[in-house]
Amino acid sequence: MNSLAQTVVAEFQRRYSARPEYLVRAPGRVNLIGEHTDYNDGFVMPLAIDRATWIALRPRADGQVVLYSLDHQEELQFAVGDLHKNAHHWGEYPKGVAWALQQAGYGLRGWEGVTECDVPLGGGLSSSASFELATARAFHEVSKFPWDKPTMAKLGQRAENQWVGVNCGIMDQMISASGKAGHALLIDCRSLETTSVSLPAGTVVVVLDTSTRHKLSSSAYNERRSQCEAAAKTLGVRALRDVSVAEFERRAGELDELICRRARHVVAENERTLTAARTTDPAELGRLMDASHKSLRDDYEVSSKELNAFVECARALPGCYGARMTGAGFGGCAVALVRTDAATAFTNKVGKAYQQVTGLTPQVFPCQASNGAELVNL
């Protein structure tokens, strides 16, 4: 059993003097390519990583949810039939999921449990989506409603958008719900159709955590969404996903300069993502990742000096095919595609190089593609 799983089970036994009845997990994710395209109905290519939110739990008969967080060293309690918001608290995520499930007509039972997460918080690896989907899976196990991955993803997104107040797209919840071990997923964020994508042979994905953090609810993220919507309106389309690179180049002059740069990133990023899903050549995938970072840095302006520094350090080392910031930006993580036989040396050197440039102590870890939200055998 995973060490984090063992920890939450042991803490459950300590608190309740009994074994939990269920153990669930839902992963974080790293996005290989397709950034800020999800809320434009576009294409993304993430993989669910082998870091996750775990919950050990058992049902309650009184409609109460009692959840102890080892990360926060704090207990949350709420009644599923009497939900109230409290601003800026970790407990809003499970409450938001309960609210979204009930809004969609699902009857919920209460439960009590212990949770812990090893997805770096605020690092752009979707710790919030992993928490939402783990909570949804916990409610599923005790309440016995049907588990449909796209539906659960949409309800997780609804919780984050309408309860927590972060205007995220659908990618994070979709990959946390639908991940497939050993594969990335190409996700069409309009239809929610998914296609398994094998990573190029002889490669490993390495996460580069800058040790700087963003706030997704900050105005910059919502401002980018508004700018994309303005571009789509001017171009007469439902979303920027409906504009080809050739059409954009013909009509770019109709857009204000800033709006034009924002739209150019999204239109080109969709094309890069579709190309990446078709390629088996690691050098080509790396080139597309490099181009994505340049576009995010220059046209979309969501990178940071630390992210840029880490990407440059990664690209300078042998065996790195390409690297880019991943997640919403303004801090958090970058991701590199590295030749397997160079991965150990790369992992040892890249953090030291980054620390020398920035003075910050990063986290660097290879990751494996894992399954989406699931029940784990005790």
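**A helix and its surroundings**

Author: Apart from neighbours within four places in sequence, Asn 270 is in contact with Thr 37, Gly 42, Phe 43 and Arg 241, contact meaning heavy atoms within 4.5 Å. The model is predicted, so that local features need pLDDT of at least 70 and side-chain atom pairs count only at pLDDT 80 or more, whereas totals for chains, interfaces and linings use all residues. Residues are numbered from 1 along each chain as its sequence is written, and side-chain values use heavy atoms, with hydrogens and water left out.

Asn 270 is placed in helix H8, helices being DSSP runs (H or I, at least four residues) numbered from the N terminus. Its relative accessibility is 6%, and Asn 270 therefore counts as buried (under 20% relative accessible area, with a 1.4 Å probe and protein chains only). The side chain of Asn 270 reaches the backbone nitrogen of Phe 43, one of its contacts, at 2.9 Å.

H8 spans residues 257-278 and packs with helix H9, residues 282-298, at an angle of about 165 degrees, the axes lying 10 Å apart. These axes are lines fitted to C-alpha atoms over the stretch in contact, and angles run from 0 to 180 degrees between N-to-C directions. H8 and H9 are therefore roughly antiparallel to each other (an angle over 145 degrees). Their crossing is left-handed, that is, the near helix is turned anticlockwise from the far one by less than a right angle.

From H8, the residues that meet H9 are Arg 261, His 265, Glu 269, Arg 272, Thr 275 and Ala 276. Their partners in H9 are Glu 284, Leu 285, Leu 288, Ala 291, Ser 292, Ser 295, Leu 296 and Asp 298. By class, this contact of H8 with H9 has 5 nonpolar, 4 polar and 5 charged residues; Ala, Val, Leu, Ile, Met, Phe, Trp, Tyr, Cys and Pro count as nonpolar, Asp, Glu, Lys and Arg as charged, and the others as polar.

Gln 227 is buried, because its relative accessible area is 9%. Beyond neighbours within four places in sequence, Gln 227 is in contact with Leu 258, Ile 259 and Arg 262. Its side chain is joined to that of Arg 262 by a polar contact of 2.9 Å (N or O atoms within 3.5 Å, one able to donate a hydrogen and the other to accept it; residues adjacent in sequence count only if both atoms are side-chain atoms).

Note on methods. Helix = DSSP H or I, 4+ residues; strand = E, 2+ residues; numbered from the N terminus. Parallel < 35°, antiparallel > 145°, perpendicular 65-115°, else oblique. Buried < 20%, exposed > 50% of the residue type's maximum accessible area, 1.4 Å probe, protein only.
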